[in-house]
Amino acid sequence: MENKQKIILTGDRPTGRLHIGHYIGSLKRRVELQNSGEFDKIFIMIADAQALTDNFDNPEKVRQNIIEVALDYLSAGLDPSKVNIFIQSQISELTELTFFYSNLVTVSRLQRNPTVKSEIQMRNFETSIPVGFFTYPISQAADITAFKATTVPVGEDQLPMIEQCKEIVHKFNSIYGETLVTPEALVPKNEAQGRLPGTDGKQKMSKSLGNCIYLSDDEKTVKTKIMSMYTDPLHLQVSDPGHLEGNAVFTYLDAFSDKRHFEEYLPEYQDLQELKDHYTRGGLGDVKVKKFLNNIMQEELAPIRERRASYEKDIPAVYDILKKGTEAAREVAAQTMADVKAAMKINYFDDAELIKAQSEKYQRAE
Ligand code: TRP
């Protein structure tokens, strides 16, 4: 396939405000990729159609969260003059592609998709899985291929999705001829950044557990959440030796801190290793570590908060960014759709050769 452009596509389900786990695991990286100048096109999708696969009975929730996610994107530093932010459901080509790709995927293959498997469990869908939810990996392959994406920045949990997409691309191209581009996943660099636990130390930040720090939280809320974070239940007195495993404060420091933060806020330590050593030896209190983390987080979040405040002043302009982004995305998807239809031989009216050949066949038969 002739395609030398480097194209990014990624997205999020609009089911809630984005938190610092999303930020460190993906948003921050997207901003870096945006500013790297290495990519010809970047598409960031608000995956409302996918969100509806398990929230079909709550459309208002999805509708309300479109603007929340858009504000989070813009405040995190995504720049609409460099990236294309759009809304999935408004591009009908994506559903059209999903329908044709579904011929190329078996039920048993979907059943084996580890992401689908674990999400079915999480949602207690075992006994009655909605077909739309079950087949969302196919729709995700449509999202990726519609934009001829070469690079898909995602969390580790999404790797089976990219695998499934590659299989669809391979099968499509081998049956219908080289048409679609094979994407590669791009996963977070460091483990703590890829999997930020909740403030309560639980595996994942989740709205229902109330253990998230949101990008839109104000300074005071962030501080309160950090000062009450889960650390080490055995570390009762400052002099007790502390443990790092499962200690959320240290996992956050792994994800967010660098040497410069030590110079700035905690010059009595060289780096994180020294701080960890002191903690495990005993003699270092949680409050001191939490205050350090709070300084780092406030520094990271302050510019995000500022940008959010300015975008919040003009919400119609934010919808306009989404509308323009969607229009531009639709043009690209329409081109791919035309390629797919031609490859699948369902481009009847665009194919003068077909009409001519059929006509000759019947003239001869006369
Ligand atoms: N499934 C992704 C999530 O849970 C969202 C998403 C939808 C996506 N389509 C995509 C991500 C295509 C990457 C590529 O957040």
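## The ligand shell

Which element supplies the largest share of the shell around the ligand? That would be β1, with 4 residues. Before going further, a word on what you're looking at: this is a predicted model, where local features need pLDDT of at least 70, side-chain atom pairs count only at pLDDT 80 or more, and totals for chains, interfaces and linings use all residues. Residues are numbered from 1 along each chain as its sequence is written, and side-chain values use heavy atoms, with hydrogens and water left out.

Back to the shell. β1 (7-12) and α8 (136-146) each put in at least two residues. Helices here are DSSP runs of H or I with at least four residues, strands are runs of E with at least two, and numbering starts at the N terminus. There are 14 residues around the ligand, and Met45, Gln50, Gln140, Asp143 and Gln158 come nearest; being near takes a heavy atom within 4 Å. Sorted by class, the shell holds 6 nonpolar, 5 polar and 3 charged residues. For that sorting, Ala, Val, Leu, Ile, Met, Phe, Trp, Tyr, Cys and Pro are nonpolar, Asp, Glu, Lys and Arg are charged, and the others, Gly among them, are polar.

## Polar contacts and cover

Asp143 has a side-chain N or O atom 2.8 Å from a nitrogen atom of the ligand. Gln140 places a polar side-chain atom 3.1 Å from a ligand nitrogen, and for Arg13 the distance from a side-chain N or O atom to an oxygen atom of the ligand is 3.4 Å. On its own the ligand has 360 Å² of accessible area, and the protein covers 90% of that (Shrake-Rupley method, 1.4 Å probe). A polar contact is a pair of N or O atoms within 3.5 Å; within protein, one must be able to donate a hydrogen and the other to accept it, and residues adjacent in sequence count only if both atoms are side-chain atoms.

As for where the ligand sits, the space it takes is the largest pocket. A pocket is an open set of points on a 1 Å grid over the protein atoms alone, with protein on both sides within 12 Å along at least five of seven lines. A molecule sits in one if more than half of its atoms lie within 2 Å of its grid points.

## The whole protein

Zooming out, the protein has 17 helices and 5 strands. Its C-alpha atoms fill a box of roughly 100 × 45 × 40 Å along the principal axes. Of the 366 residues, 48% are buried, where buried means under 20% relative accessible area, exposed means over 50%, and partly exposed is in between.

## A few residues to look up

Asn55 is in helix α2 (residues 48-55) and counts as buried because its relative accessibility is 8%. A polar atom of the Asn55 side chain lies 2.9 Å from the backbone oxygen of Ala51. Lys61, in helix α3 (residues 59-76), is partly exposed at 27%.

Most residues other than glycine have a negative phi. Lys148, though, has a positive phi of about 50 degrees, and Lys345 has one of about 60 degrees. Lys148 sits in the loop between α8 and β4 (151-153) and is buried at 13%. Lys345 lies in the loop between α16 (315-343) and α17 (352-365) and is exposed at 67%.

Definitions and conventions: 1 Å grid on protein atoms, 1.4 Å probe; cavity = no way out; pocket = protein on both sides within 12 Å on 5 of 7 lines; lining within 4 Å. Buried < 20%, exposed > 50% of the residue type's maximum accessible area, 1.4 Å probe, protein only.
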